[in-house]
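Q: Please take a close look at a single residue of this model and at what surrounds it. Then set that place within the chain and within the pair of chains.

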There are 2 protein chains.
Amino acid sequence: MALIVQKYGGTSVGTIERIKAVADRIIASREKGNQLVVVLSAMSGETNRLIGLASEITDRPSAREMDVLVSTGEQVTIALLSMALMSKGVPAKSYTGTQIKMLTDDAHSKARILDIQCEQMKQDLAEGTVIVVAGFQGVDEKGNITTLGRGGSDTTAVAMAAALKADECQIYTDVDGVYTTDPRVEPKARKLDRITFEEMLEMASLGSKVLQIRSVEFAGKYNVPLRVLSSFEEGEGVGTLITTEDNEMEQAVISGIAFNRDEAQLTISGVPDKPGVASDILGSITEANIEIDMIVQNVGDDGTTDFTFTVHRNDYKAALESLTKTGDVLGARKVYGSDSIVKLSLVGVGMRSHAGIASTMFAALAKEGINILMISTSEIKISVVVDEKYLELGVRTLHSAFGLETDGNLK
Amino acid sequence: MALIVQKYGGTSVGTIERIKAVADRIIASREKGNQLVVVLSAMSGETNRLIGLASEITDRPSAREMDVLVSTGEQVTIALLSMALMSKGVPAKSYTGTQIKMLTDDAHSKARILDIQCEQMKQDLAEGTVIVVAGFQGVDEKGNITTLGRGGSDTTAVAMAAALKADECQIYTDVDGVYTTDPRVEPKARKLDRITFEEMLEMASLGSKVLQIRSVEFAGKYNVPLRVLSSFEEGEGVGTLITTEDNEMEQAVISGIAFNRDEAQLTISGVPDKPGVASDILGSITEANIEIDMIVQNVGDDGTTDFTFTVHRNDYKAALESLTKTGDVLGARKVYGSDSIVKLSLVGVGMRSHAGIASTMFAALAKEGINILMISTSEIKISVVVDEKYLELGVRTLHSAFGLETDGNLK
């Protein structure tokens, strides 16, 4: 008998028919002898509807009241699913964040989970009851309703799995797993059976929006096996299991190709190279509340240095303005940039033990005439910035160069 | 400085514009120096929408989960109104039934209030914060969400007023007070400035659906002055004050004319008159789960008796069937009835000390050729059953006979 936490997202419970289908899926798992805790999001569109009501009242709603408002979305779905289960003869019980005592700090709309009280739930589970929990919401120590921020239901599910020491946390969504890259860009993309927490974090933060990053961090920290599955697939899929690195198994060198269309690149060149120049340049950007992603610095042979960095595309104009001012102050030769670039990243824990990955990557891109504008590396990823017109070609070239369409890419 | 509890019903908070208007009304009262506790219903239509979702899932939803579901309606409005108040610079704080610890028994969908915890609220009030409470909902001692049943927000408001020892409980609704009768039937109907709890109970139970009966009982029991006002009226209305009988003031003999179209009348005649016959007859009806309203018995001079009683019109067929069987068993002469009758009632505490009311009533009806089918009296009301075709004529005749269109009807 296994204890499974299942989480269903907004599209999976978006209609009454879908909620009934979710009930059937839960019952099938229960009939195999599993104990089940189910975490739900609001019906798709509901959270936006509620936010829309608030925005008709005021541009700057109270964060406390916003949490009172939007937390009703999940409360509706937990009641409906519990009814659906009971109408099929399966004992079920819904819990709001307050009822489950999902204790968080008081940072409304982005609260962090501190503790979960499990005694009552364990008793319910022992009696064969399916527990249906409102995702995304908690309660602070004063009894105020809090929310974990958008996508927080994934985090709720992982936290429940960690607290209850569940055997697996299954995240049901509208895709059937994690792919080597976005199938809309490379139709040959292949679903991965396994991926490590670290790889998933790199894939997620680079734009594969399957799971909320915090939930993956959380799962990694508490070593909760996480499985991404489709709630729309017929029968029982295996999805993708996200877990710790396993030395016993065959491990792919590269897990996938991530990409990000939302970046812009800025360069300040010919800056006199002296201590403190980096902080002068980047400080002015961060003071303008702009987050910097990649940073590269080259020192020239004329005693000057060039800085290149990337920011979110929405911040491009403001960043260029700020950087131009800094350039004047520092006596830089030139300040320029582009908001028509993209970032491509190769992700894989196998990089740690395999040399030559970078040169294979650069050679493959060069062969297709794709000019690399910027390079940045970490232990398990290599990112390059290229002109956005090369996005699809670049992804497909790398996908093929590392044999990701087959299982050929093994140690 | 007075402490006022205000309650706004579903139509009063039915749109964002209406919620903003309610905020303005609250602020106006606060600027007069009042401390305010505001109890809200769900936006009109929302509770029905939620019930509709449940009915798509199952015909017999779990009562516990139904309460989890429908209680979200009020949670939405308290958040929105609090936001509206704060956006106008007025400190406000919402409370769900759970947060206010509105302790009830565990009778889901028809729970009774046992206790309210007031400490936190008193502190908020002292700080000048407007307290915005979700009506209709509570929490049982295990932390399950309960609801008080339809219209329960009135009861919440009265209970809050009683617990906080408020100076007045104001029920804002879509009518501007309690009338001498339904203005749709008698356009000369006059708004009452005052009415006693007892009279209001008779008026309400007889079909004037301004206030939930339980809330009036509650207000009478704890002596909470209750005022019915319109939330749609411009400026500040006085509405109708419902309070205890006041010997100091001029008191109308008759407060109003109530009527009820939902009744049907049944008669069993020529029943041998012996002990236990009443319980034989009425027992068979109540065994069929049919509620009996008026009961009249006459004893004839031939040693037999006639019974006439009224039931809800929906129960007419079942009651007639049951009574026919009883008639056969008891050897009754005849069993018959009619579902095209109505009940007209004269209500007024002044009846206690004034003779001749009944004869004035019967004479007025007789003058218009209205045949009385049945009479029943209590301390503060006289009810008659007449053919339904006489409803409008009967109401207008009595309204005029007792001078209700003017203030002429005084002691």
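This is a predicted model: local features need pLDDT of at least 70, side-chain atom pairs count only at pLDDT 80 or more; totals for chains, interfaces and linings use all residues.

A: Leaving aside neighbours within four places in sequence, B:Q6 is in contact with B:I26, B:L36, B:V38, B:Q170 and B:Y172. B:Q6 has its place in strand β1 of chain B, which covers residues 3-8. With 27 other C-beta atoms within 10 Å, where 20 or more are required, B:Q6 counts as buried.

In chain A, strand β1 belongs to an open sheet of 8 strands with mixed pairing, in the order β3-β6-β2-β1-β9-β11-β12-β10. The edges of this sheet are formed by β3 (92-95) and β10 (194-196) of chain A, each of which pairs on one side only, and the twist from one strand to the next averages 20°. Within the sheet, β9 (residues 168-173) and β11 (residues 226-230) of chain A are paired in the parallel sense over 5 bridges, and A:T173 stands opposite A:S230 in β11(A). Helix α4 of chain A (residues 72-87) lies across β2 (35-40), β3 and β6 (130-134) of chain A, and runs at about 165° to β6(A).

Chain A also has an open sheet of 4 strands, ordered β13-β18-β20-β19, in which the pairing is antiparallel. Its edge strands are β13 (256-260) and β19 (374-378) of chain A, each pairing on one side only, and here the twist averages 20° from one strand to the next. Strand β13(A) is joined by 5 bridges to β18 (residues 341-347) of chain A, the two running antiparallel, and A:A258 has A:S345 as its bridge partner in β18(A). Helix α11 of chain A (residues 357-367) lies across β18, β19 and β20 (381-387) of chain A, at about 20° to β20(A).

As a whole, chain A contains 12 helices and 20 strands, and 48% of its 411 residues count as buried. Its C-alpha trace spans about 80 × 55 × 35 Å along the principal axes, while its radius of gyration of 24 Å agrees with the value near 22 Å that a compact globule of 411 residues would have. Among the contacts in chain A with a separation of 6 or more, 74% join residues 24 or more positions apart.

Turning to the two copies, chain B is superposed on chain A by a rotation of 180° with 0.0 Å of shift along the axis, at an RMSD of 0.2 Å, which is the relation of a two-fold axis. The residue of chain B that comes closest to this rotation axis is B:T72, its C-alpha atom lying at 2.6 Å. The contact between the chains takes 29 residues from chain B and 28 residues from chain A. On the side of chain B, the elements that give two or more residues are α1 (16-31), α2 (46-57), α3 (63-70) and α4 (72-87) of chain B, with α4(B) giving the most, 11 residues. The residues of that side divide into 16 nonpolar, 10 polar and 3 charged. Because 97% of the interface residues of chain B are also interface residues in chain A, the copies meet through the same surface.

Terms used:
Residues are numbered from 1 along each chain as its sequence is written. Chains are lettered from A and ligands numbered from 1 in the order in which they are written. The radius of gyration is taken over C-alpha atoms; the globule rule is 2.2 Å times the number of residues to the power 0.38. A residue is buried if 20 or more other C-beta atoms lie within 10 Å of its own, exposed if 12 or fewer, and partly exposed in between; C-beta atoms are placed from the backbone. Two residues are in contact if their C-beta atoms, placed from the backbone, lie within 7 Å. Ala, Val, Leu, Ile, Met, Phe, Trp, Tyr, Cys and Pro count as nonpolar, Asp, Glu, Lys and Arg as charged, and the others, Gly among them, as polar. Two strands pair if DSSP finds at least two bridges between them. Axes are lines fitted to C-alpha atoms, for helices over the stretch in contact, and angles run from 0 to 180 degrees between N-to-C directions. Copies are superposed by least squares on the C-alpha atoms of residues with pLDDT of at least 70 in both.
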